[in-house]
Amino acid sequence: TVFDFIRDYLGYRLVGTDWKASGKLEKKGSVKAELSLNNYGFSAPYNLESGFAILDKNNKVVSSVKSGSPEKWYSRNPDNYYGDARQLTHTLKANMKLPAAHGQYKLAFYLKNSLGQFARVSVQTDMVNGYHILHTFDI
């Protein structure tokens with residue numbers, strides 16, 4: 001129905017299309033994280049921040065890095081919206097410092113507002129406490 005269409009597309013609808021990570025999984029090492037998103041809605045997400053985080057085995061945030069500018073994640077070129085129908089892809093990148101202690105950790109993506117309320121992104125991953133888990137690893 002038209003109500004379903006409005007619900008699904010009137011605001012923003014972010015879909016994760018690809019992600020990758022590279023680096024050495026060792027104490028005090030670093031990992032380069034990258035996530036590509038498409039917005040299938042009519043609006044960019046305003047008043048939100050995005051980034052990557054490392055969670056411990058209890059899902060507590062060990063470290064986080066902001067990445068991306070959600071207010072610029074339009075679906076199409078905002079300067080020529082009606083003339084340029086190409087779908088835009090937004091790529092977020094971050095260098096993550098790994099913890100100094102051995103253990104199991106998770107690399108995650110987040111999108112949240114200033115009150116700490118998380119937004120969902122359509123991506124085929126588990127979600128824990130608002131964080132989209134991209135990869136679980138051991139150090």
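Is lysine 20 buried, partly exposed or exposed? I looked it up and found lysine 20 partly exposed, with a relative accessible area of 48%. My cut-offs are under 20% relative accessible area for buried, over 50% for exposed, and partly exposed in between, with a 1.4 Å probe and protein chains only.

Before going on, I note that this is a predicted model, in which local features need pLDDT of at least 70 and side-chain atom pairs count only at pLDDT 80 or more, while totals for chains, interfaces and linings use all residues. Residues are numbered from 1 along each chain as its sequence is written, and side-chain values use heavy atoms, with hydrogens and water left out.

**Entry: the sheet**

I took helices (H or I, at least four residues) and strands (E, at least two) as DSSP runs, numbered from the N terminus. Two strands pair if DSSP finds at least two bridges between them.

I then checked the bridges. S1 and S2 are antiparallel and share 9 bridges; strand S2 (residues 30–39) is joined to S5 by 9 bridges. Leucine 37 is the bridge partner in S2 of glycine 16, and the partner of leucine 37 in S5 is histidine 90. The hairpin of S1 and S2 has 6 residues between the strands, and lysine 28 there takes a positive phi near 60 degrees.

**Entry: salt bridges**

I counted a salt bridge where a side-chain nitrogen of Lys or Arg is within 4 Å of a carboxyl oxygen of Asp or Glu. The structure holds 3 of them.

Lysine 20 pairs with glutamate 34, with the closest N and O atoms 4.0 Å apart. Lysine 20 is in strand S1 and glutamate 34 in strand S2, so the pair ties together parts 14 residues apart in sequence. Glutamate 34 is partly exposed at 22%.

Glutamate 49 and lysine 66 have their closest N and O atoms 3.5 Å apart. Glutamate 49 is partly exposed at 26%, and lysine 66 is exposed at 60%.

Aspartate 84 and arginine 86 meet at 2.8 Å, N to O. Aspartate 84 counts as buried at 12%, whereas arginine 86 counts as exposed at 60%.

**Entry: aromatic rings**

I paired rings of Phe, Tyr and Trp (its six-membered ring) if their centres lie within 6.5 Å, calling planes under 30 degrees apart stacked, over 60 edge-to-face and the rest tilted. There are 4 aromatic pairs.

Tyrosine 105 and phenylalanine 137 have ring centres 6.2 Å apart and planes at 35 degrees, so the pair is tilted. Both residues, tyrosine 105 and phenylalanine 137, are buried.

For tyrosine 110 and tyrosine 131 I read 5.9 Å between centres and 70 degrees between planes, so this pair is edge-to-face. Tyrosine 110 is in strand S6 and tyrosine 131 in strand S8, so parts 21 residues apart in sequence are tied together. Tyrosine 110 and tyrosine 131 are both buried. Ring pairs link Tyr110, Phe118 and Tyr131 into a cluster.
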